[in-house]
Amino acid sequence: EIEQAKKKAFYDAIIKPAKFMSLPKLVFRQSKPAIIGIESISGTVKQGQTVINKNGEKCNCGRKGCFEVYGSMKRLKQRIKEQFNLLTIDGKFIKQFILENVDNKDLNNIIDEYITNLSIGLGNLINIFEPEVISIGGSFGHYKDILLPKLKNKLSEKVELYNKDSIPEIVIAELKNDAGIIGSAMIENQ
């Protein structure tokens, strides 16, 4: 069993070649760095993740401190559930819990920590790409009245930004959780 685990760890650490094809309609940037959509033809294409805390919690990808661990809505809801011994991370339930406990110091600390981590991750992306607008999708949109003003305020402090004169507009994706699935379906039908 131990020998098998060692072999698996060894093989997982090897960088495996992959053959892929770029999708012409999904070229977002041609250089410095190129950002394109791809179709994997063979081999393994592993997505990298942005690390915001090198000694942080372990991510599902195997690395520590990934932005996903600290900046995802699932993680925020999970932290609230654990802190207050709630039975679910259901979005409507958690949102109602937040609204009913706006003066709870522990809850506000969790939300503030989440916003700080989210601003670090977004700050990294802003510093790399210098976008004019950032559209946030997923379940964040369902919490926009609670979280968006805090996020905008945190980014306006400009602590994480290299170009302090150019803060992008932060908007909520109109399709919220459905954006990814609808976009995938549209690409498939083209």
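How do the residues of the lining of the largest cavity divide into nonpolar, polar and charged? The legends below get to that. This is a predicted model, in which local features need pLDDT of at least 70 and side-chain atom pairs count only at pLDDT 80 or more, while totals for chains, interfaces and linings use all residues. Residues are numbered from 1 along each chain as its sequence is written, and side-chain values use heavy atoms, with hydrogens and water left out.

**View 1. The largest cavity has a volume of about 90 Å³.** A cavity here is a set of points, on a 1 Å grid over the protein atoms alone, where a 1.4 Å probe fits but cannot get out, and lining residues have an atom within 4 Å of a point. The volume is the space filled by probe spheres set on the points, which are joined across faces, edges and corners. Look for Glu57, Val69, Tyr70, Arg75, Leu76, Arg79, Ile110, Glu113, Tyr114 and Asn117 around this cavity. So, back to the opening question: that lining splits into five nonpolar, one polar and four charged residues (Ala, Val, Leu, Ile, Met, Phe, Trp, Tyr, Cys and Pro count as nonpolar, Asp, Glu, Lys and Arg as charged, and the others, Gly among them, as polar).

**View 2. Helices α3 and α5 pack at an angle of about 160°, with their axes 10 Å apart.** Helices are DSSP runs (H or I, at least four residues), numbered from the N terminus. Axes are lines fitted to C-alpha atoms over the stretch in contact, and angles run from 0 to 180 degrees between N-to-C directions. The pair is therefore roughly antiparallel (the word for angles over 145 degrees). Met73, Leu76, Arg79, Ile80 and Gln83 of α3 meet Asp106, Leu107, Ile110, Ile111, Glu113 and Tyr114 of α5, where contact means heavy atoms within 4.5 Å.

**View 3. Helix α5 (residues 105-129) also packs with helix α6 (residues 144-156), at an angle of about 55° and with the axes 9 Å apart.** These two are therefore oblique to each other (oblique is what remains after under 35 degrees for roughly parallel, over 145 for roughly antiparallel and 65 to 115 for roughly perpendicular). On the α5 side, the contact includes Ile111, Tyr114 and Leu118, and on the α6 side Leu147 and Leu151 are among the residues involved. The residues of this contact come out as nine nonpolar, two polar and three charged.

**View 4. The second largest cavity has a volume of about 50 Å³.** Its lining is made of Ile126, Asn127, Glu130, Tyr162, Asn163 and Ser166. By class, that gives two nonpolar, three polar and one charged.

How values were computed: On a 1 Å grid over the protein atoms alone, a cavity is a set of points where a 1.4 Å probe fits but cannot get out, and a pocket is an open set with protein on both sides within 12 Å along at least five of seven lines; lining residues have an atom within 4 Å of a point.
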